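Student: I would like to know what stands behind the terms used for this structure. Please show it to me.

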Amino acid sequence: MTLASKRGYTWPTLRQALLRLVFCAVGIAIALAATSHRGFGVLSGAENAYATCATTDYWNVSWCIYNPHTGVTKVRMCCSTTQGTYTVTDPAGYVIKFLHTTGGGTWISAPDVRSGQSWTFYQVAATDKLGCFNSQDVNIWINCRRANA
Amino acid sequence: MLRKLLASAAIGAVAALSFALLSNLFDSSIPRGQAQAPTVKRSTPRPLTAVKAPPAVLDGLISQAKRAEVADLATAGTAGNLAFGRSIVIGRSRSGAREAAIIDSDGHSSFMTPAQIFDHSPLAVFSSQAGTAATVRAASIAVFLRPEVARVAVEEANGSTHDASAITWPTGGYASFTEVAQDPSRFPRLVRAYAANGALLATQETRIGPMCSPSEASCVR
């Protein structure tokens with residue numbers, strides 16, 4: 001006699017509980033994967049992750065919560081002088097800025113964009129940087145990417 | 001004959017007087033602030049060559065338009081110069097819908113549909129600026145208006161306000177314009193959209209200004 005049957009649990013009941021556990025674990029894993037690779041602002045109320053902005057192969061500038069009036073830039077991708085920049089932000093519909101700066105930090109342009117939009121920069125010097133900037137007064141989750149165009 | 005002529009003249013004079021009185025009556029029933037609401041100055045789109053952008057940027061936009069199958073490109077707003085300019089190019093997708101892109105001196109946006117441009121508001125303002133994170137050397141705005149907007153006013157950093165002149169798109173009733181300023185006192189600060197009766201429809205801040213907070217000298221990593 002097994003422990004489960006001693007406590008009055010039947011096999012179908014246990015199987016149902018196990019299945020629920022598996023579904024729950026898979027759901028959490030999918031949510032975590034979505035957040036880390038193509039994430040959206042599911043952590044909009046969380047503490048600032050400015051110091052720990054991460055990158056992935058796709059979101060190669062950063063993906064993290066940007067504090068108000070902060071930005072992250074990376075030197076242009078090798079080797080085209082035409083660079084595309086693309087962003088996804090949290091679903092609140094905020095406008096953020098793309099940044100095109102010199103290596104020394106001078107802002108060449110900082111156009112407003114909405115989530116999901118792209119911008120193409122031309123004549124980007126090898127030392128120029130591209131990235132995203134939160135020009136709003138609230139924390140915003142921003143996934144930012146630049147690539148040869 | 002003379003009596004008939006005099007009677008006709010008298011009737012005409014009475015009718016003109018009545019019209020003038022009624023007009024005055026209707027005018028005075030509109031609140032004072034709304035009575036003098038001029039409609040926005042409108043013009044028609046210009047050729048693509050009117051865009052203030054270097055050839056590389058313009059050629060890139062044309063290539064993107066071809067890839068996105070956007071045709072009939074025209075300029076619906078242009079300001080500034082080749083060093084710091086901002087323009088709006090409109091086109092027509094395969095389905096016939098209007099799309100627009102913003103063009104700066106160093107790049108351009110993707111083509112956007114009106115649904116992507118307007119976020120539940122008859123007014124959409126997209127700004128850009130150059131300088132550093134702490135100082136602004138030049139600023140620009142690209143403004144899009146839904147058909148219900150009859151007049152648009154731009155408030156500058158110095159507090160003065162001017163009416164903007166918009167370009168009406170060929171279809172859909174949308175309009176757009178761009179502005180560029182190099183003098184900090186003239187940087188656009190607020191854009192207000194008004195209906196034909198003078199009612200304020202929407203206000204949007206341009207959010208142009210130093211981007212780093214004073215406590216954080218370098219806010220860009």
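The questions below set values against definitions.

Tutor: This is a predicted model, in which local features need pLDDT of at least 70 and side-chain atom pairs count only at pLDDT 80 or more, while totals for chains, interfaces and linings use all residues. Residues are numbered from 1 along each chain as its sequence is written, and chains are lettered from A and ligands numbered from 1 in the order in which they are written.

Student: What makes a run of residues a helix or a strand, and how many has chain B?
Tutor: Both are DSSP runs numbered from the N terminus, helices being H or I with at least four residues and strands E with at least two. Chain B has four helices and 13 strands.

Student: How do you know what span is expected of helix α3 of chain B?
Tutor: The expected span is 1.5 Å times one less than the number of residues. Helix α3(B), residues 55-67, has 13 residues, for which 18 Å is expected; from first C-alpha to last it reaches 18 Å, close to that value.

Student: Which residues of α3(B) are called buried, and why?
Tutor: B:Val57, B:Leu58, B:Gly60, B:Leu61 and B:Ala65 are.

Student: Why are they said to lie on the same side of α3(B)?
Tutor: Because they cover an arc of only 160 degrees around the axis, taken from the directions from the helix axis to the C-beta atoms. The face turned away from them carries the exposed residues B:Pro55, B:Asp59, B:Ser63, B:Lys66 and B:Arg67.

Student: What covers the buried residues of α3(B)?
Tutor: The cover includes β7 of chain A, and β2, β3, β4 and β5 of chain B.

Student: What makes β7(A) and β5(B) a pair?
Tutor: Two strands pair if DSSP finds at least two bridges between them. These two have three bridges, in the antiparallel sense, so they qualify. A:Trp119 stands opposite B:Ser109 in β5(B).

Student: What makes a nonpolar core, and which residues have the most contacts inside the largest?
Tutor: A nonpolar core is a set of buried Ala, Val, Leu, Ile, Met, Phe, Trp, Tyr and Cys residues joined through C-beta atoms within 7 Å. The largest has 83 residues, and A:Cys132, B:Val89, B:Ala100, B:Val143 and B:Leu145 have the most contacts inside it. Strand β7 of chain B gives the largest share of this core, eight residues.

Methods:
Buried ≥ 20, exposed ≤ 12 C-beta atoms within 10 Å, placed from the backbone. Contact = placed C-beta atoms within 7 Å.
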